[in-house]
Amino acid sequence: MSEPHWPAGVTVTGPAVTGAVMPEYQTVLTPAALSFVAKLQRTFDPRRRELLQQRAERQLKIDRGELPDFLPETAPIRSDRSWHVAPIPLDLQRRHVEITGPTDRKMLINALNSGADVFMADFEDANSPTWDNLVQGQINLREAIERTIELQTPDKVYRLNDKVALLLVRPRGWHLNEKHVLVDGQPMSGSLFDFGLYFFHNARRLLSKGTGPYFYLPKLENHLEARLWNDVFNLAQDELGLPRGTIKVTVLIETILAAFEMEEILYELRDHIAGLNAGRWDYMFSIIKKFRNRPDFAFPDRAQVTMASPFMRAYTELLVKTCHQRGAHAIGGMAAFIPSRKDPIVNENALKKVREDKLRESGDGFDGTWVAHPDLVPVAAEIFDGVLGDKPHQKEQLREDVQVTAAQLIDFTIAGGQITEAGLRLNLNVALQYVESWLRGTGAVAIYNLMEDAATAEISRAQVWQWINSPHGVLVDGRKVTVELVQQLLPEEIEKIHQLYGEASFAASKIPQAREVFEKIVTEKQFEDFLTLVAYEYLD
């Protein structure tokens with residue numbers, strides 16, 4: 001398929017690409033494509049920066065004691081029962097099981113072949129944003145759409161099956177920049193770069209194959225950020241001569257503030273939105289981050305904060321009700337377990353929890369769910385297919401019984417919750433291993449039978465920071481979590497990693513740099529909003 005062209009008479013000056021441009025990169029970093037993303041950047045980046053500044057201002061209000069609530073100024077939107085989201089395309093109707101992962105060639109092929117209904121190809125939390133990962137990921141996606149993608153290894157040739165999962169793409173969040181592409185001398189928005197390149201090259205390609213340009217949107221904090229995306233979509237579609245509404249998106253409700261504006265987010269994106277997703281791990285991180293300076297709040301060990309916790313139940317049930325009353329899909333959270341081929345007891349215990357989780361979601365009215373590994377696809381499919389049968393969704397479950405108050409969303413009480421030395425050590429260990437992998441260019445990594453991405457690493461480091469800075473950061477044995485205690489335990493956890501990796505792998509690892517990043521973000525008084533913003537400076 002030929003590359004899209006600008007309408008007659010339109011001239012746009014392209015950006016400066018500072019990253020290396022390998023010969024194969026030129027197939028996606030074309031002058032027309034770069035001009036397109038530059039136009040998006042020049043049009044929308046000032047608003048993006050204003051909205052990021054508003055995030056900082058909102059944080060100051062929360063620090064001063066202001067609690068989130070449903071917005072009085074948007075009450076008419078919530079009370080008007082007449083509006084619904086636009087019709088959802090046929091191929092986006094059935095989403096019982098969705099699998100997620102980065103855009104590298106092998107994972108992309110395996111995920112599309114996994115038997116899941118949907119594959120979310122991730123430029124965000126499961127991706128380390130090296131320049132090669134980003135550009136090669138765009139190449140891989142285009143080849144997957146054209147069904148020419150292939151990988152030959154000494155042991156196997158990877159190709160697409162006849163039947164593959166539906167492709168959705170997650171660009172980076174509004175907070176992330178792309179330093180290898182400068183527009184008017186400034187790094188451009190990672191969101192606009194990822195979205196713009198993929199949409200420019202593939203929108204018509206996808207439509208010609210009977211599908212469309214479908215996306216997941218991460219890290220939104222309010223409806224104004226959703227409105228910005230909607231305006232981006234309108235301009236992008238207009239520029240390529242496509243009808244407005246061609247783009248369809250699912251928004252991850254993975255911040256505590258967005259949970260109070262779910263209806264408003266659906267309303268702002270009503271021509272383009274297909275559903276909401278309960279992004280549980282980032283949601284937990286967001287709670288820690290937003291309430292980190294409140295003296296009355298500190299979560300216990302990460303493992304003790306479960307989906308059965310009342311505030312998490314309030315969040316997920318409200319999401320289902322909100323979606324179904326507006327005609328949108330409600331997609332459940334991630335099962336992060338990685339099955340072991342060596343330990344059947346670990347598998348048995350973990351799969352029991354996965355099944356319980358998916359039974360709860362399907363019983364609550366969710367239309368589908370997420371898994372991190374192909375081996376979990378049949379587990380989740382059995383449960384959702386068993387509840388939904390041949391139906392693509394269960395949006396007729398309006399959940400009129402659900403009545404969630406603002407107080408329920410922010411009552412973070414964990415009955416019997418404790419902070420333990422084992423929990424502290426696990427946070428140190430997992431964060432170090434994840435950051436080390438991320439710095440080597442791998443953003444999704446199996447650690448202790450769980451798929452860890454940036455979201456779970458963020459929980460680990462945010463908890464350590466808060467435990468150090470909160471009066472409630474006290475271990476069950478009475479010791480206060482301090483910088484000194486963390487620095488005492490770090491070498492011991494690094495030695496455990498040394499033993500785990502082996503001599504050669506440890507010597508070649510980036511553990512020293514990972515330790516430097518980790519110590520910086522947990523010991524400084526100023527909380528870093530995202531560890532990836534700090535770690536990004538270490539990437540080429």
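**A tour of the cavities and pockets**

A search of the whole structure, which is a predicted model, finds 3 cavities of 30 Å³ or more. Rolling a probe the size of a water molecule over the atoms shows where empty space is left.

**First stop: the largest cavity**

Please select E124, D125, L176, A454 and T532; of the 17 residues that line the largest cavity, these are the closest to its centre. The volume of this cavity is about 130 Å³. Next, display α8 (280-290) and α14 (454-469), each of which supplies at least two residues of the lining. The largest share, 3 residues, comes from α14. Colouring the lining of the largest cavity by class will show 8 nonpolar, 3 polar and 6 charged residues.

**Second stop: the largest pocket**

The largest pocket holds about 930 Å³ of space. To centre the view there, select R280, W281, A303, K353 and L450, the closest to the centre among the 29 lining residues. Two or more lining residues come from each of α8, β12 (329-335), α10 (344-364), α13 (421-439) and β15 (450-452). Which element gives the largest share of this lining? It is α10, with 7 residues. By class, the lining of the largest pocket divides into 19 nonpolar, 3 polar and 7 charged residues.

About 630 Å³ of space lies in the second largest pocket. Select T100, G101, A372, H373 and M451, which are the closest to its centre of the 38 residues that line it. Among the elements that each supply at least two lining residues are β2 (97-102), α3 (105-112), β3 (118-122) and β11 (273-278). The lining of this pocket comprises 20 nonpolar, 10 polar and 8 charged residues.

Notes:
Residues numbered from 1 in each chain as written. Predicted model: local features only at pLDDT ≥ 70, side-chain atom pairs only at ≥ 80, totals over all residues. Heavy atoms only, no water. 1 Å grid on protein atoms, 1.4 Å probe; cavity = no way out; pocket = protein on both sides within 12 Å on 5 of 7 lines; lining within 4 Å. Points joined across faces, edges and corners; volume = space filled by probe spheres on them. Helix = DSSP H or I, 4+ residues; strand = E, 2+ residues; numbered from the N terminus. Nonpolar A, V, L, I, M, F, W, Y, C, P; charged D, E, K, R; others polar.
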